[in-house]
Amino acid sequence: MKNHLGSSNNKKKMKKYTYILFIFCFSLTIFGQKVSEKKANILFEKKSYVKAAEMYEQVKENQNVLQNLGDCYYNNSQMKDAVRVYGKLFLTFKEHINPEFYFKYAQSLLGIADYPKADVIMSEYLKYNVSTTNFIANLATSIPFNYVIQPMTKNTTNCDFGLSLNGGKVAFASSRNTDSKSSTWNDMPYLDLFSAEINDKGMLTNVAPFPKEINTKTHESSATFSPDGRFMYFNRTNDKKVKIGEVKVAGIKIYKAEFIDGKWENIKSLPFCSDFYSTEHPALSKDGKKLYFASDMPGSVGSFDIFVVDVNEDGTFGTPQNMGNVINTIHREQFPVISDDGSILYFASDGHQGLGGLDIFMSKSKEGVFGKPLNLGENINSNLDDFAYLFDEKNNKGYFSSNRKGCDNLYSFTRIENEKRFVIEGEVKDKNTQYLLPGTLVSLYDDKEVLLTQMLVGADAKYTFTTEPNKKYRIEAAKDFYIPHSEEFTTNEDGKLEYTIELFMECYDDAEEIVSKRQDGKVQIVLENIYFDLNKWEIKPEAAKILNVLLDLLNKYPEMEIELGAHTDSQASDTYNLLLSNKRAASTLEYLVKNGISRKRLRSKGYGESVPLINCGKSKPCTEQEYSINRRCEFIILR
């Protein structure tokens, strides 16, 4: 039956034409020009990530397109899309990509809580094994506090972050000024600074923007105030871009403003700022004498480092000091805050091991030196960015920022002291070189030799385990090509006492004269050659004497695993030699098993004539001596 809209066929055609027209108009509206990789690259270089991503999605995929498209999503914390694109990049171009993409891909996978795959990619990047699941489990028993958090606003689309205290009020950055133009980075309004109060339910009230002297047409954020409220330090993005290398960049500077007769005046950038690098996230010490901040200025370890500078009584500044590679990594360290007594530094990082994106860390100072940072754990850190930690010691309340809901939001927290902790911690080193040994498996056993827990140590080779009072334990470290090392200890009644045990490990080639590391990197047990009768594979008495030396070594090191490799000369056919060598390798393995060595520790392999020590027989005739050298058994340590 027809109606006033016409036939059903006409309706289908109308829908089809409407859809085509919509796509056409959409393309014109978004781009105003024909899509191309070149134009997408220009947008990408301008950090117009949203529009660049829309264009990259429509062009032919290649390595450059996938790298830049993945970065567009990564830089805006759109991790699901980043994983999709980086996954394609690794599938097709893995052998040709820069190591930085391993890090970004792993972080993106962490962002969607795909820990197993993230650990595989991150282990390839770091060149040692990591386990996020074990890391989180260890944190649960080593962090000093647990956290109960709640959002500070009902509207989670405003993108608020970086709360600071100023007397009875607070300040924070927000994109809630909808009259502001949008940033090309994320298509959100430019950031401004706002003031507010916190009600008894922990929610922001009486929110008002800072005056136009502070809020300009560019970004403002990250305010911090002097103890008397007279001075404010804050971030402002340059309104003009400068060329750094091949790219034009609008850097960030720290500004200082003075509150005089109800107005902010004398607004100037700090003298150590520059157009050619960024200084950001200022945080004053309680006495106002030190200013902590993040920067990528010359002398930085990574993309952003934490610095500290003296604030002199006359208002001048000292020379900024990098806080060193205990705090800073080759990646991002940002949003520093110092405790009231100056003994604890809080900051955000994606360079130290974490749960994904920026995590919040703390570092305690001993005699003026800040120690290894501790991740604050999954009660406060998420798979995405968590940062700008602030603890109000007077009111026993805290605040932080997170984009776990898709946009930066402010959260308040109360912290609850973790139950009494008994901690053993230390690091793993090579006994002879004193080098740290990342990737070592450290295990904790009770007095009945029951395995309680274990962890793979990270780049700093440090381990931490929680114990109980008045108990005996054994701790053991194991790493491929090293002799396992263990120590016993007993805890006492002091719940805050930390035991530090240095596990010094010795590699096999340092410990044993008959073990050596070859030029190809393999670790070999060097024994006299084992001879077999012609066309035979039975172990002769002379060979048994040599294998008994190997038996002693395997019994001495019960964790050692080896490959038994048999090699022939080239006097017979390839097939015959391969079969013969396999039988000789298997016969050697059976001799060791017969004499008490577990079959799981042994692997036999026949190489035939494929790996000669002297290359002869095919290219040139072999002497009898050369034939005998190529006929051999090799014993390679696997772990």
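**Notes on the predicted model**

1. Four strands make up an open sheet, taken in the order 1-23-22-21, and their pairing is antiparallel; two strands count as paired if DSSP finds at least two bridges between them, while the strands (E, at least two residues) and helices (H or I, at least four) are DSSP runs numbered from the N terminus. At the edges stand strand 1 (145-151) and strand 21 (386-392), each of which pairs on one side only. Neighbouring strands of this sheet are turned by 30° against each other on average, with direction ignored, where the axes are lines fitted to C-alpha atoms and angles run from 0 to 180 degrees between N-to-C directions.

2. On the basis of these values, please note that this is a predicted model, in which local features need pLDDT of at least 70 and side-chain atom pairs count only at pLDDT 80 or more, whereas totals for chains, interfaces and linings use all residues. Residues are numbered from 1 along each chain as its sequence is written, and side-chain values use heavy atoms, with hydrogens and water left out.

3. Strand 21 and strand 22 (residues 397-402) pair in the antiparallel sense over 5 bridges. Within this pairing F387 stands opposite S401 in strand 22, and F391 stands opposite G398 in strand 22. The hairpin of the two strands has 4 residues between them, and N396 takes a positive phi near 55° there.

4. F391 lies in strand 21 and counts as buried at 13% relative accessibility. Leaving aside neighbours within four places in sequence, F391 is in contact (heavy atoms within 4.5 Å) with N396, K397, G398, F413 and R415. From L89, by contrast, F391 is separated by 302 residues in sequence and by 42 Å in space, C-alpha to C-alpha.

5. The structure holds 29 aromatic pairs, where rings of Phe, Tyr and Trp (its six-membered ring) pair if their centres lie within 6.5 Å, and planes under 30 degrees apart count as stacked, over 60 as edge-to-face and the rest as tilted. The rings of F161 and F335 have centres 6.5 Å apart and planes at 90°, so this pair is edge-to-face. Since F161 lies in strand 2 (residues 160-166) and F335 in strand 16 (residues 333-338), the pair ties together parts that are 174 residues apart in sequence. F161 is buried, with a relative accessible area of 8%, and F335 counts as buried at 11%.

6. F400 and F413 form a tilted aromatic pair, at 6.3 Å centre to centre and with 45° between the planes. This pair links F400 in strand 22 with F413 in strand 23 (residues 409-417), 13 residues apart, and both F400 and F413 are buried. Ring pairs also link Y147, Y346, Y389, F391, F400, Y411 and F413 into a cluster.

7. Two charged ends sit over rings, by the criterion that NZ of Lys or CZ of Arg is within 6 Å of the ring centre and within 35 degrees of the ring normal. The charged end of K104 sits over the ring of F101, 4.9 Å from its centre, and that of R236 over the ring of Y255, 4.8 Å from its centre.

8. The largest nonpolar core has 43 residues, and those with the most contacts inside it are Y56, C72, Y86, F90, Y105 and I121; such a core is a set of buried Ala, Val, Leu, Ile, Met, Phe, Trp, Tyr and Cys residues joined through side-chain atoms within 4.5 Å. Among the elements that give two or more residues to this core are helix 5 (79-93), helix 6 (100-111) and helix 7 (115-126). Apart from this core lies another, of 29 residues, among them L550, M560, A566 and F635. Leaving aside neighbours within four places in sequence, I121 is in contact with F90, Y102, Y105, A106 and L109.

9. S36 is found in the loop between helix 1 (8-30) and helix 2, and counts as partly exposed at 21% relative accessibility. Not counting residues up to four places away in sequence, S36 touches M55 and V59.

Notes
Buried < 20%, exposed > 50% of the residue type's maximum accessible area, 1.4 Å probe, protein only.
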